[in-house]
Amino acid sequence: FETVKDRLVVSIRNGYQNPLGEINRIWNEVYMNASMESVLNGYEDPRREFFFEPCAEDTGETVLHGKYKGIRQGTCFSHLLYASHSKIYVNKSTEPILMTAAEVWFLRAEAALRGWTTENAGDNYRQGVSTSFIQWGAGGLEDYLQSERIGADYIDAFDTPNNIEARCKVSPRWIETASNEIKLEKIITQKWLAVFPEGCEAWAEQRRTGYP
(Lines give C-alpha, C1' and ligand atoms only; values in the text may rest on other atoms or scores of the structure.)
Protein backbone atom coordinates (compact mmCIF):
# COMPACT_ATOMS: atom_id res chain seq x y z
CA PHE A 1 0.00 0.00 0.00
CA GLU A 2 1.62 3.26 -1.11
CA THR A 3 -1.05 5.58 -2.53
CA VAL A 4 -4.53 6.63 -1.44
CA LYS A 5 -6.17 4.16 -3.82
CA ASP A 6 -4.46 1.31 -1.96
CA ARG A 7 -6.74 0.54 0.96
CA LEU A 8 -8.75 -2.26 2.52
CA VAL A 9 -12.40 -1.68 3.43
CA VAL A 10 -15.48 -3.77 4.16
CA SER A 11 -17.76 -3.59 1.12
CA ILE A 12 -21.34 -2.41 1.58
CA ARG A 13 -22.37 -3.49 -1.93
CA ASN A 14 -24.17 -6.63 -0.77
CA GLY A 15 -26.20 -5.05 2.00
CA TYR A 16 -23.63 -4.88 4.80
CA GLN A 17 -24.25 -1.92 7.13
CA ASN A 18 -21.60 -0.25 9.23
CA PRO A 19 -22.43 -1.05 12.89
CA LEU A 20 -20.58 2.05 14.09
CA GLY A 21 -22.90 4.10 11.90
CA GLU A 22 -25.95 2.59 13.57
CA ILE A 23 -24.56 3.24 17.05
CA ASN A 24 -23.78 6.78 15.94
CA ARG A 25 -26.87 7.79 13.97
CA ILE A 26 -29.60 5.57 15.45
CA TRP A 27 -28.48 5.12 19.05
CA ASN A 28 -26.84 8.58 19.23
CA GLU A 29 -23.97 7.23 21.33
CA VAL A 30 -20.80 8.12 19.41
CA TYR A 31 -19.08 11.44 20.01
CA MET A 32 -15.63 12.94 19.81
CA ASN A 33 -13.58 11.94 22.84
CA ALA A 34 -11.36 14.17 24.94
CA SER A 35 -8.13 12.79 23.50
CA MET A 36 -9.20 13.58 19.95
CA GLU A 37 -10.35 17.03 20.98
CA SER A 38 -7.03 17.74 22.67
CA VAL A 39 -4.89 16.68 19.71
CA LEU A 40 -7.07 17.85 16.81
CA ASN A 41 -7.88 21.22 18.36
CA GLY A 42 -4.36 21.72 19.70
CA TYR A 43 -2.87 20.98 16.29
CA GLU A 44 -5.65 22.89 14.50
CA ASP A 45 -5.65 19.76 12.37
CA PRO A 46 -7.39 20.27 8.99
CA ARG A 47 -8.71 16.67 9.12
CA ARG A 48 -10.86 17.59 12.11
CA GLU A 49 -13.80 18.74 9.99
CA PHE A 50 -13.77 15.44 8.07
CA PHE A 51 -13.66 13.28 11.21
CA PHE A 52 -16.32 15.09 13.25
CA GLU A 53 -19.22 17.49 12.98
CA PRO A 54 -19.00 20.82 14.82
CA CYS A 55 -21.47 21.29 17.66
CA ALA A 56 -24.83 22.27 16.21
CA GLU A 57 -26.10 24.32 19.14
CA ASP A 58 -25.32 25.70 22.57
CA THR A 59 -26.51 23.97 25.72
CA GLY A 60 -28.04 26.43 28.17
CA GLU A 61 -25.37 29.02 28.93
CA THR A 62 -22.60 26.77 27.58
CA VAL A 63 -21.39 28.13 24.23
CA LEU A 64 -20.63 25.20 21.94
CA HIS A 65 -22.06 26.12 18.54
CA GLY A 66 -19.46 25.70 15.79
CA LYS A 67 -16.85 24.21 18.12
CA TYR A 68 -15.36 20.71 18.05
CA LYS A 69 -16.06 19.36 21.51
CA GLY A 70 -15.42 15.95 23.08
CA ILE A 71 -16.14 14.01 26.24
CA ARG A 72 -13.78 12.01 28.43
CA GLN A 73 -14.22 8.25 28.32
CA GLY A 74 -15.95 6.97 31.45
CA THR A 75 -17.76 10.23 32.17
CA CYS A 76 -21.09 9.67 33.89
CA PHE A 77 -23.37 11.70 31.68
CA SER A 78 -26.89 12.44 30.59
CA HIS A 79 -27.51 11.94 26.86
CA LEU A 80 -29.36 15.23 26.76
CA LEU A 81 -26.44 17.05 28.37
CA TYR A 82 -23.56 15.89 26.16
CA ALA A 83 -25.70 15.29 23.08
CA SER A 84 -24.66 18.75 21.92
CA HIS A 85 -21.07 17.54 21.41
CA SER A 86 -19.36 16.67 18.12
CA LYS A 87 -20.64 13.55 16.42
CA ILE A 88 -18.48 11.26 14.30
CA TYR A 89 -18.97 11.39 10.52
CA VAL A 90 -19.80 7.67 10.13
CA ASN A 91 -23.26 6.46 9.06
CA LYS A 92 -24.61 3.00 8.23
CA SER A 93 -23.57 3.27 4.58
CA THR A 94 -19.97 4.29 5.34
CA GLU A 95 -17.49 1.61 4.27
CA PRO A 96 -15.54 0.49 7.38
CA ILE A 97 -11.84 1.16 6.78
CA LEU A 98 -9.50 -1.64 7.86
CA MET A 99 -6.15 -0.49 6.45
CA THR A 100 -4.85 2.43 4.41
CA ALA A 101 -1.63 3.46 2.72
CA ALA A 102 -1.13 6.15 5.36
CA GLU A 103 -1.00 3.48 8.07
CA VAL A 104 1.58 1.54 6.06
CA TRP A 105 3.83 4.59 5.71
CA PHE A 106 3.81 4.97 9.50
CA LEU A 107 4.61 1.27 9.87
CA ARG A 108 7.58 1.86 7.58
CA ALA A 109 8.58 4.98 9.54
CA GLU A 110 8.67 3.02 12.80
CA ALA A 111 10.57 0.14 11.18
CA ALA A 112 13.18 2.58 9.87
CA LEU A 113 13.43 4.30 13.25
CA ARG A 114 14.12 0.94 14.92
CA GLY A 115 16.81 0.13 12.37
CA TRP A 116 14.90 -2.75 10.80
CA THR A 117 15.18 -1.19 7.32
CA THR A 118 17.51 1.23 5.56
CA GLU A 119 14.70 3.69 4.77
CA ASN A 120 14.57 7.18 6.27
CA ALA A 121 12.07 7.44 9.14
CA GLY A 122 11.40 11.14 8.60
CA ASP A 123 10.66 10.72 4.91
CA ASN A 124 8.21 7.91 5.64
CA TYR A 125 6.62 9.94 8.44
CA ARG A 126 6.03 12.92 6.16
CA GLN A 127 4.69 10.61 3.45
CA GLY A 128 2.28 9.11 5.98
CA VAL A 129 0.92 12.51 6.97
CA SER A 130 0.68 13.58 3.33
CA THR A 131 -1.17 10.40 2.32
CA SER A 132 -3.63 10.80 5.18
CA PHE A 133 -4.33 14.42 4.19
CA ILE A 134 -4.95 13.36 0.58
CA GLN A 135 -7.19 10.50 1.75
CA TRP A 136 -9.45 12.90 3.63
CA GLY A 137 -9.23 15.78 1.15
CA ALA A 138 -7.69 18.09 3.74
CA GLY A 139 -5.69 21.19 2.82
CA GLY A 140 -2.84 22.99 4.52
CA LEU A 141 -0.38 20.08 4.45
CA GLU A 142 2.85 22.07 4.18
CA ASP A 143 1.94 24.41 7.05
CA TYR A 144 0.94 21.40 9.14
CA LEU A 145 4.24 19.62 8.54
CA GLN A 146 6.05 22.71 9.85
CA SER A 147 3.70 23.25 12.79
CA GLU A 148 5.05 23.45 16.34
CA ARG A 149 1.60 23.24 17.92
CA ILE A 150 0.96 20.65 20.64
CA GLY A 151 -2.16 19.18 22.24
CA ALA A 152 -4.59 21.51 23.99
CA ASP A 153 -5.80 21.12 27.57
CA TYR A 154 -9.20 19.45 27.81
CA ILE A 155 -11.90 21.55 29.46
CA ASP A 156 -15.16 19.72 30.15
CA ALA A 157 -18.16 21.75 29.02
CA PHE A 158 -20.16 20.98 32.16
CA ASP A 159 -18.09 19.32 34.89
CA THR A 160 -14.76 20.91 35.88
CA PRO A 161 -13.39 17.84 37.76
CA ASN A 162 -13.12 16.21 34.32
CA ASN A 163 -10.64 18.85 33.11
CA ILE A 164 -7.17 17.52 32.32
CA GLU A 165 -3.88 18.96 31.09
CA ALA A 166 -2.90 17.96 27.56
CA ARG A 167 -0.91 14.73 27.46
CA CYS A 168 0.34 15.19 23.89
CA LYS A 169 3.41 17.43 24.00
CA VAL A 170 4.85 16.69 20.56
CA SER A 171 4.16 18.76 17.46
CA PRO A 172 3.56 17.58 13.89
CA ARG A 173 6.96 18.89 12.68
CA TRP A 174 9.56 16.18 12.24
CA ILE A 175 12.81 17.03 14.05
CA GLU A 176 15.76 15.02 12.81
CA THR A 177 17.86 15.83 15.89
CA ALA A 178 15.16 14.74 18.36
CA SER A 179 15.56 11.58 20.42
CA ASN A 180 14.23 8.31 19.03
CA GLU A 181 11.55 8.32 21.72
CA ILE A 182 10.27 11.74 20.63
CA LYS A 183 10.34 10.58 17.02
CA LEU A 184 8.39 7.44 17.95
CA GLU A 185 5.79 9.55 19.75
CA LYS A 186 5.38 11.72 16.65
CA ILE A 187 5.02 8.67 14.41
CA ILE A 188 2.47 6.93 16.61
CA THR A 189 0.47 10.10 17.29
CA GLN A 190 0.08 10.68 13.57
CA LYS A 191 -0.63 7.00 12.97
CA TRP A 192 -3.33 7.17 15.67
CA LEU A 193 -4.94 10.01 13.73
CA ALA A 194 -4.47 8.31 10.37
CA VAL A 195 -6.21 5.06 11.34
CA PHE A 196 -9.34 6.90 12.51
CA PRO A 197 -12.06 5.68 12.91
CA GLU A 198 -10.61 2.16 13.35
CA GLY A 199 -10.70 2.34 17.15
CA CYS A 200 -9.42 -1.18 17.86
CA GLU A 201 -6.27 -0.48 15.84
CA ALA A 202 -5.72 2.85 17.58
CA TRP A 203 -6.21 1.25 21.01
CA ALA A 204 -3.74 -1.53 20.16
CA GLU A 205 -1.13 1.07 19.18
CA GLN A 206 -1.70 3.04 22.37
CA ARG A 207 -1.34 -0.11 24.50
CA ARG A 208 1.76 -1.20 22.57
CA THR A 209 3.63 2.11 22.70
CA GLY A 210 1.95 4.32 25.29
CA TYR A 211 1.32 6.97 22.62
CA PRO A 212 -0.48 9.25 22.22
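Let me start inside the protein: helix H5 (101-113) and helix H6 each supply at least two residues of the lining of the largest cavity, where helices (H or I, at least four residues) and strands (E, at least two) are DSSP runs numbered from the N terminus. Please bear in mind that this is a predicted model, in which local features need pLDDT of at least 70 and side-chain atom pairs count only at pLDDT 80 or more, while totals for chains, interfaces and linings use all residues. Residues are numbered from 1 along each chain as its sequence is written, and side-chain values use heavy atoms, with hydrogens and water left out.

On a 1 Å grid over the protein atoms alone, a cavity is a set of points where a 1.4 Å probe fits but cannot get out, a pocket is an open set with protein on both sides within 12 Å along at least five of seven lines, and lining residues have an atom within 4 Å of a point. The largest cavity has a volume of about 40 Å³, and its lining consists of Thr3, Val4, Asp6, Arg7, Thr100, Ala101, Ala102, Thr131 and Gln135.

The elements that give two or more residues to the pocket lining are helix H2 (34-43), helix H4 (79-82), strand E2 (97-100) and helix H9 (199-209).

Finally, we come back to H6 and its packing. Helix H6 (residues 121-136) and helix H8 (residues 180-194) pack at an angle of about 20°, with their axes 10 Å apart; the axes are lines fitted to C-alpha atoms, for helices over the stretch in contact, and angles run from 0 to 180 degrees between N-to-C directions. That angle makes H6 roughly parallel to H8, a label for angles under 35 degrees. In the contact, meaning heavy atoms within 4.5 Å, Tyr125, Val129 and Ser132 of H6 meet Lys186, Ile187, Gln190 and Ala194 of H8.

Key: Parallel < 35°, antiparallel > 145°, perpendicular 65-115°, else oblique. Points joined across faces, edges and corners; volume = space filled by probe spheres on them.
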